[in-house]
Amino acid sequence: MPVHGSKGSQGSQETGGRGFGLGLALVSALAFGGSGVAAKPLIEAGLDSLYVVWLRVAGAALVMLPLAWRHRALVRQRPLLLAGFGLLAVAGVQACYFAAISRIPVGVALLIEYLAPALVLGWVRFVQRKPVTRAAALGVVLAVGGLACVVEIWSGLSFDVLGLLLALGAACCQVGYFVLSDQGSDAGASGGEVPDPLGVIAYGLLIGAVLLTVIARPWGMDWSVLAGSASMNGTSVPAWLLLCWIVLLATVVAYVTGVVSVRRLSPQVAGVVACLEAVIATVLAWVLLGEHLSAPQLFGGAVVLVGAFIAQSSKPAAQAAEPVPEPETALSRSGGPV
């Protein structure tokens, strides 16, 4: 039987827990938002974008290896979930995103990726054939309209078309991330055992590293680039330091703090905070890389984020008639894995 404290102590503990969770969600958004800013100088220094992705995922997989061993039973219990998470949420999202930022500005790539919540609504409506709310439809319209401003469609797509398609591919892979998150928590709704999110992330990184090893073939990489330096808006920065930033902060810290924040907050609240990731990435790219966005692009980016927030927060309402798991059972909804 649980021991109940006073209402005042319970209220203070709940407030403290939410405050701690909010802090972790902010850390996660900041960590994820800095991935492109740290990766682009390495790409410009001579490393292919696929090599940078492989270094990021393989390095993070090594760091998370103890967690993978601890949750090794997941390989037998949830093989398809682990394979899908590694393919889409790790390898697919990051490969498409890093390839995109090698051709278009970081802020634009990430804002396009934030079409994912709107695309999730399309999955719910047309694949799962479930109704969506009018607010969700409004979110999709706003996100698409904002995207038109971000890419300045009136000027005939002044950005690299392939770069835009790669960023859209990252958004589609992120849809798989959200869908797999729901499938990862379906056991809780049916009374089964919920897969530990940290274990799923650890195996997702391992599987992603294996897939990217086959695709990137890192044995042909020029390792001497990592011993040199990269230019960050005219400032020379050691390449190894940027790599540590990408592996430790933008991947390990970002994933772990994001998952723990979902345990403290509802997925909807954590998702709202995660929208700051695009803002953080745009500001960091502006300050550290000198990538300036025009006023229409900034306005369009704000509209994309508003639309993404409305679409994401409206999705659960469309499924209110079905049993839903407790917020802490969701795999992770605190942002996109970039």
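1. Within helix H16 of this predicted model, the residues Glu 277, Ala 278, Ile 280, Ala 281, Thr 282, Ala 285 and Leu 289 are buried, where buried means under 20% relative accessible area, exposed means over 50%, and partly exposed lies in between (1.4 Å probe, protein chains only). Helices here are DSSP runs (H or I, at least four residues), as are strands (E, at least two), and both are numbered from the N terminus. H16 has 14 residues and reaches 19 Å from its first C-alpha to its last, close to the 20 Å expected at 1.5 Å a residue; the expected span is 1.5 Å times one less than the number of residues. Just after H16, Gly 290 takes a positive phi of about 75°.

2. A nonpolar patch on the surface is formed by Leu 22, Leu 26, Leu 276, Val 279, Val 283, Trp 286, Val 287 and Leu 298, which together have about 640 Å² of accessible area. Two or more residues of the patch come from each of helix H1 (7-33) and helix H16 (276-289), and H16 gives the largest share, five residues. Areas follow the Shrake-Rupley method with a 1.4 Å probe, and for residues only the protein chains shown count as cover.

3. Leu 276 lies in helix H16 and counts as partly exposed because its relative accessibility is 38%.

4. Thr 251, in helix H14 (residues 239-264), counts as buried because its relative accessibility is 1%. Leaving aside residues up to four places away in sequence, Thr 251 touches Arg 56, Ala 60, Leu 205 and Ile 246, a contact being heavy atoms within 4.5 Å.

5. Helix H7 (residues 106-113) is mostly covered, with eight of its eight residues buried, among them Gly 107 and Glu 113.

6. For the chain as a whole, there are 17 helices and two strands, and 52% of the 338 residues count as buried. Of the contacts with a separation of 6 or more, 87% are between residues 24 or more positions apart. The chain exposes about 15000 Å², of which carbon and sulfur atoms supply 68%.

7. On the basis of the values, residues are numbered from 1 along each chain as its sequence is written, and side-chain values use heavy atoms, with hydrogens and water left out. Local features need pLDDT of at least 70 and side-chain atom pairs count only at pLDDT 80 or more, whereas totals for chains, interfaces and linings use all residues.

Notes: Patches are made of residues with over 30% relative accessible area and no salt bridge: like charges are joined within 9 Å, nonpolar side chains (Val, Leu, Ile, Met, Phe, Trp, Tyr) within 5 Å. A salt bridge is a side-chain nitrogen of Lys or Arg within 4 Å of a carboxyl oxygen of Asp or Glu.
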